[in-house]
Amino acid sequence: MRPGITLKLFLAILLASACAAGAMAVATRFSFQSGFLGYLNQVDAQRLDALAARLADEYRRTGDWNFLRDDYGRLRALALPAQPVPRLTLLDEARRTVVGNPEVVDEGAVRPVLVDGRTVGWIARTPLRRLSSAAELSFQQEQLHAAWIIAAFAVALAAVLAIVLARVFLLPLRRVAEATHRLAAGNYATRVAVRSSDELGRLGEDFNRLAQALERNEALRRRFMADVSHELRTPLAVLSGELEALEDGVRPLTREALGSLRAEVNALGKLVDDVNQLALADSGALAYRKATVDVVPLVAQALESHRDRLAERSLAVETAWNGAAPVFGDADRLRQMFRNLLENSARYTDRGGRVRVAARREGERVIVEFDDSAPGVPPEALPQLFERFYRVEGSRSRANGGSGLGLAICRSIAAAHGGDIAAAPSPLGGLRVSVSLPAAP
């Protein structure tokens, strides 16, 4: 069984703590050794000052150094009880050796022996290089033993903290992992509780946004499949009914009957074409041949192609543009978008109404607006107008025809050009659709 991330995190924290404790113990050992030796040498220096004072008293009493010449026993008697004699050297005022080893003078500390303000000799001692007495060695071992005990206690404490921290830090990850398994199994309603604002909290928020997007896409997919089947079923049912009527002789085979069949076939073909357009746009396979084009002539061409359609509905047309409005885009796709928007106005605006088209450049954007007169769209329905197969209940409904995909195709075309499209109430009393595209240099 592979070790989990909890065990790995625990081992990582424990190993780091053990290395830190070991390094601390080793550093403490060397620091103690050097510091303790320095302390002992400092004590020896103080003792050396006291010995210099004793030697001065003896010199004042005898008048020379003959009482100590080569007399180690006498020097031992004058030295402090803890002062090792082999580490001491006495020199006269001419720095000639009286007693001791003259080689230590260049290595150790030297104190003058003063009698009535005159230097009559020098006392020197060799610094400690290592601990030698049993008491000193015992004290050192006790300190080192205590340092290792403290290090072991620190490692044990780190192990306990590592277990707690590993569980605390990884609990959100475990929740996200379990939620991911449920999400992968198809439970798109899965969410994780976010209890912090750190990286783990942001991970939970990102997971929730992902789950929400998947849930929405799944709902859209199911609705799309249901809408497609419904939209296909309607013209097929009409065709089937009319063909059966012709076969049974209920309806004669006339030009009007063939025209009705042709209309249903055209509606079915238009639906299939629209679905294919959306599928290509979703997969990124819809071809765009972009160049710098002026949208004003494109809007005018779309308007000219719909002039008879608008006149059939007795709709008055108003235009408002002044100057060029260049964008970097595909002229054919943009014309298709403008024609869809004009067809939307022609289809859903009451007879005798108005349609107004405006195009202008505003800074770094090109704005194209399509306004029509009543009937309007309820405010709560505006955000959903560009969804596939969505129709507003009431005046703008399926009864007026259309596949319900025209505005969804417009949104795909606008997005492919780096723009956006939005719906709002029109000042004319109907619907305003605004297309915003990046302006070309």
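Asp294 caps the N-terminal end of helix H6, with a side-chain oxygen 3.2 Å from the backbone nitrogen of Val296. That is a polar contact, meaning a pair of N or O atoms within 3.5 Å; within protein, one must be able to donate a hydrogen and the other to accept it, and residues adjacent in sequence count only if both atoms are side-chain atoms. Helices here are DSSP runs of H or I with at least four residues and strands are E runs of at least two, numbered from the N terminus.

This is a predicted model, so local features need pLDDT of at least 70 and side-chain atom pairs count only at pLDDT 80 or more, while totals for chains, interfaces and linings use all residues. Residues are numbered from 1 along each chain as its sequence is written, and side-chain values use heavy atoms, with hydrogens and water left out.

Back to H6 (residues 295-305): its buried residues are Val295, Val296, Leu298, Val299, Ala302 and Leu303. They cover an arc of only 165° around the axis, so they sit on the same side of H6; the arc is taken from the directions from the helix axis to the C-beta atoms. Buried means under 20% relative accessible area, exposed means over 50%, and partly exposed is in between (1.4 Å probe, protein chains only).

Helix H8 (residues 331-348) has a cap as well: a side-chain oxygen of Asp330 lies 2.9 Å from the backbone nitrogen of Asp332. With 15 of its 18 residues buried, H8 is largely enclosed by the rest of the structure. Arg335 counts as buried, at 19% relative accessibility.

Salt bridges next. The rule is a side-chain nitrogen of Lys or Arg within 4 Å of a carboxyl oxygen of Asp or Glu, and the count comes to 19. Here are some of them:

| Pair | N to O distance |
|---|---|
| Glu215 and Arg191 | 2.7 Å |
| Arg209 and Asp206 | 2.2 Å |

The Glu215 pair links distant parts of the chain, with Glu215 in helix H4 (residues 199-248) and Arg191 24 residues away in the loop between helix H3 (134-184) and H4. Glu215 is partly exposed at 33% relative accessibility, and Arg191 is partly exposed at 33%. Arg209 and Asp206 are three residues apart in H4, about one helical turn. Elsewhere, Arg360, Glu362, Glu369, Asp371 and Arg432 are linked in a network of salt bridges.

Now the sheet. Four strands make an open sheet in the order S2-S1-S4-S3, with antiparallel pairing. S2 and strand S3 (109-115) are at the edges with a single partner strand each, so one side of each has no neighbour in the sheet. Strands count as paired if DSSP finds at least two bridges between them, and S1 and S2 have three. Across that pair, Leu90 stands opposite Val99 in S2. S1 and S2 form a hairpin with four residues between them, and Arg95 in the turn has a positive phi of about 65°. Arg95 is partly exposed, at 44% relative accessibility.

Ser314, in the loop between helix H7 (307-312) and strand S6 (316-321), has a positive phi near 60°. The peptide bond from Ala374 to Pro375 is cis, with omega near 5°; Pro375 is in the loop between strand S9 (365-373) and helix H9 (406-416).
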